[in-house]
Amino acid sequence: MDLAQALKVSTDELLGVKPVKKIKQPDSRLLRRMQQIEKLDAATKRQVIQVIDTFIENAKLKKQA
């Protein structure tokens, strides 16, 4: 396997020609909450996802305006 691919960097980054791009790590609080949501029953999980989707859609609409 190609080392650059395994490390998810370009060959230029691997050789030091270009600086390595920092990968933004997900918010650990958000990850913990997502893990808790995964443990909910299906109906409750569906409701939580609908609420999240509503907030995301609202943010997209505000951004477009």
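**Reading burial, contacts and charge**

Mentor: Let us begin with Glu13, which counts as buried because its relative accessibility is 11%. Buried means under 20% relative accessible area, exposed means over 50%, and partly exposed lies in between, with a 1.4 Å probe and protein chains only. Before we go on, note that this is a predicted model, in which local features need pLDDT of at least 70 and side-chain atom pairs count only at pLDDT 80 or more, while totals for chains, interfaces and linings use all residues. Residues are numbered from 1 along each chain as its sequence is written, and side-chain values use heavy atoms, with hydrogens and water left out.

Trainee: Where is Glu13 found?
Mentor: Helices are DSSP runs of H or I with at least four residues, strands are runs of E with at least two, and both are numbered from the N terminus. Glu13 is in helix H2, residues 11–15. The protein chain has 4 helices and 0 strands, in the order α-α-α-α from the N terminus.

Trainee: Which residues does Glu13 touch?
Mentor: Contact means heavy atoms within 4.5 Å. Leaving aside residues up to four places away in sequence, Glu13 touches Lys18, Pro19, Val20 and Lys21. Lys18 lies in the loop between H2 and helix H3 (28–38).

Trainee: How many salt bridges does the count come to?
Mentor: A salt bridge is a side-chain nitrogen of Lys or Arg within 4 Å of a carboxyl oxygen of Asp or Glu. By this rule there is 1 salt bridge. Lys45 forms a salt bridge with Glu38, and the closest N and O atoms are 3.8 Å apart. Lys45 is partly exposed because its relative accessibility is 21%, whereas Glu38 has a relative accessible area of 54% and so is exposed.

Trainee: What radius of gyration does the protein chain have?
Mentor: This radius is taken over C-alpha atoms, and the globule rule is 2.2 Å times the number of residues to the power 0.38. The protein chain has 19 Å, whereas a compact globule of 65 residues would have a value near 11 Å. Along its principal axes, the C-alpha trace spans about 50 × 35 × 20 Å.

Trainee: What percentage of the 65 residues is buried?
Mentor: Buried residues make up 5% of the 65 residues in the protein chain, and Glu13 is buried, at 11% relative accessibility.
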